[in-house]
Amino acid sequence: MAMLQDNLEGIFAPDGVLSQTLKGFRARPSQLAFALVVKDAIDNQSTVAVEAGTGTGKTFAYLIPALISKRQITITTASKTLQDQLFKKDVKILSKALSRKIDVAVLKGRANYVCRLRLDVTASSDRLPEATSGEKLREIIAFTKTTETGDLSELAGLPETDPLIPLVTSTQRNCLGAKCPHAEKCFVNMARERAAEADIVIVNHHLYLSDLVLKKSGAPGLLPESEVLVFDEAHKLSDIASDYFSESFSVRQLAEFADDIRRTGKTFFPEGAWDKHAKNVSEALLAFHDFLRVQTAFVEDVQIELKEIEDIHTTGADLLSEVVKAFTDYLNFFENVESDKDEAGLLELAKENAADLISVLRVWVLRLKDAGHKPEKGKAPEVLWARITEKNAILNLTPVSVREHFKLARATSNSAWIFTSATLSVKGEDGEPNFDFFLHELGLEDIAETHTWASPFDFENQAFLYLPEDLADTNDERFAQTLGKSILPLLKANPGKTFILCTSYEKMNALATYLEVMLENPDVICLQGTTGKAQLLERFKEMDGAVLIGSMSFWEGVDMKGENLRLVVIDKLPFKPFDTPVDRAREAFLKEQNRSPFMDYQLPVMIMTLRQGVGRLIRSEDDYGVVVIGDNRIAKKGYGKIVRASLPAMTKTRFLTRAKSFLVDPENTP
Ligand code: SF4
């Protein structure tokens, strides 16, 4: 053990291995301390939550002790950007620095890999989703002849949302597993085999959570067992998790499933009544969907608790029973179909899946009849709700809290669990970092050790926080105009580029409209929605004096250094309103527990998001710039003190002239 510790010190020291091999490496005590904490967690298979500010070097701080331990490592991230950075950059650099071959694999969900069997079935189908699908199908077939991975993201020109993708990829349900004639050359199997042999497997939170849910149900998991589990970008985990612990079905998925059976069945037994039965299911689903649309007054994209839908207990449940009946008739029909040609057993699998689905839908009929039933007092409730659009209706049973699920997963795991992010805490009343919110959400409060290492950057000298005084309130209709007017002199003086991070499309568009008129050269505006995110960022990088105006998707995971970002404007404190059925149930549950929905939920969530937005500005020791927050509440409200204390220690000013002077001449601004 002593040797491992010596090794870490030798690696991270000012004259250590990293200093000698990595250009620009700066030894930081916080990085070594972080690595030693990870080493301890690995030795003791314990749980740690580590908040490490930008510039701490957190990926090396967890990767190096994990690699030295020679244990199987899984890293799960929220964003593709971080996955790419780990896979394409960090691990390669480390491999060179440590003179060691590191076998690393990125594993994605099934829906990313071509399924050879479903591709065969779809290729012989009489019906494809779009007129252009035939051409795309030929491209996919050609792709499978040259690709080593079968990963559809390598096939240029096929959008992630193409309706052909579900027909040429597999799901847990429709995969034949070991019985599949393509099992040996199956891309999903090959990706998993590569992952099982790798030193490090990189996945995203979605895949990790799918694996967790599958293993919990007793089914074989998707990921190899790991001994070191690192949750990077851990602040996103609980939010993503509530979807994975939900039970759901969607009208569109059921219709696709019915059509899938039709397509498969006709391949082996063309003369059967497949079309008639698929049509019956489709019509029953349409009637159920129409009922939901009528009862919600055709409002587009509505989220509603089922108990609020009039007649859901009666007409709604009856219409869903009709769907069950149509599926049951369908199953009765093809249960008796035997075909010698179906050597792989696709029809057998369809029968099993249809029978499972009918059982699941019967439970949903009962849920509809019982919608509004109160849960036991004190037990975390589940919310029965629907999202209804013109094209689809998704019914969900969602837990208000995921903490019990994580507690159970932790209790049954022998791995070390390392949670890390630049934002896991808020400043408590005592001015100390407080992890209560993060730990409580994941049920880790009794077992996790916590550590914080602030960013090594000198925020006081590198950044100004400008809080304008003359702004309208954020809900005042003049707000966008007053904020635009207030930041205009900064935009004009800025020698570098600007991010304007908005909390809503409405505010984003209002600010863009104002600035398009007021800026001398409106072409510098890069407005979200005018093109894809990647292209917009490329355009931003290429254009002198660019001003990017975007909403929440630009608050995290965007790394612009130096002149590429000198000014960050945040329109409003990013509070998450309780405006969905799950949020409202969460609010009620917190009240029932005598906790404050605002102080115990909305405020910490807002602060973590705000810290991410502010964190876009200073990305290196040489960076400098100004953050503007256009929300008066940060100065006027009592909680503003907690918000200000939770931000990096920037020099605060309420004077435009000072902020402007710092942008132009930081060294001579007092
Ligand atoms: S094993 Fe499953 S995923 Fe792989 S080709 Fe066969 S059906 Fe498709």
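A cavity, as I use the word here, is a set of grid points where a 1.4 Å probe fits but cannot get out. I am working from a predicted model, and by this rule I count 2 cavities of 30 Å³ or more.

**Entry: the largest cavity.** I looked up its volume and found about 160 Å³ of space. Its lining is made up of 17 residues, and I note that Cys115, Cys175, Leu176, Cys180 and Cys186 are the ones that lie nearest the centre. H9 gives the most, with 3 residues. Sorted by class, I find 10 nonpolar, 5 polar and 2 charged residues in the lining of the largest cavity.

**Entry: the second largest cavity.** Here I find about 30 Å³ of space, and the residues that line it include Leu467, Pro468 and Leu471, as well as Ile629, Gly630, Asp631 and Arg654. Its lining divides into 6 nonpolar, 2 polar and 2 charged residues.

**Entry: helices H3 and H4.** I turned next to H3 (residues 29-44) and H4 (residues 58-68), whose axes come within 8 Å and cross at roughly 40°. On the H3 side I list Gln31, Phe34, Ala35, Val38, Lys39 and Ile42 in the contact, and on the H4 side Lys58, Phe60, Ala61, Tyr62, Pro65 and Ala66. By class, the residues of this contact are 9 nonpolar, 1 polar and 2 charged.

Technical notes: Residues numbered from 1 in each chain as written. Predicted model: local features only at pLDDT ≥ 70, side-chain atom pairs only at ≥ 80, totals over all residues. Heavy atoms only, no water. 1 Å grid on protein atoms, 1.4 Å probe; cavity = no way out; pocket = protein on both sides within 12 Å on 5 of 7 lines; lining within 4 Å. Points joined across faces, edges and corners; volume = space filled by probe spheres on them. Helix = DSSP H or I, 4+ residues; strand = E, 2+ residues; numbered from the N terminus. Nonpolar A, V, L, I, M, F, W, Y, C, P; charged D, E, K, R; others polar. Axes fitted to C-alpha atoms, helices over the stretch in contact; angles between N-to-C directions. Contact = heavy atoms within 4.5 Å.
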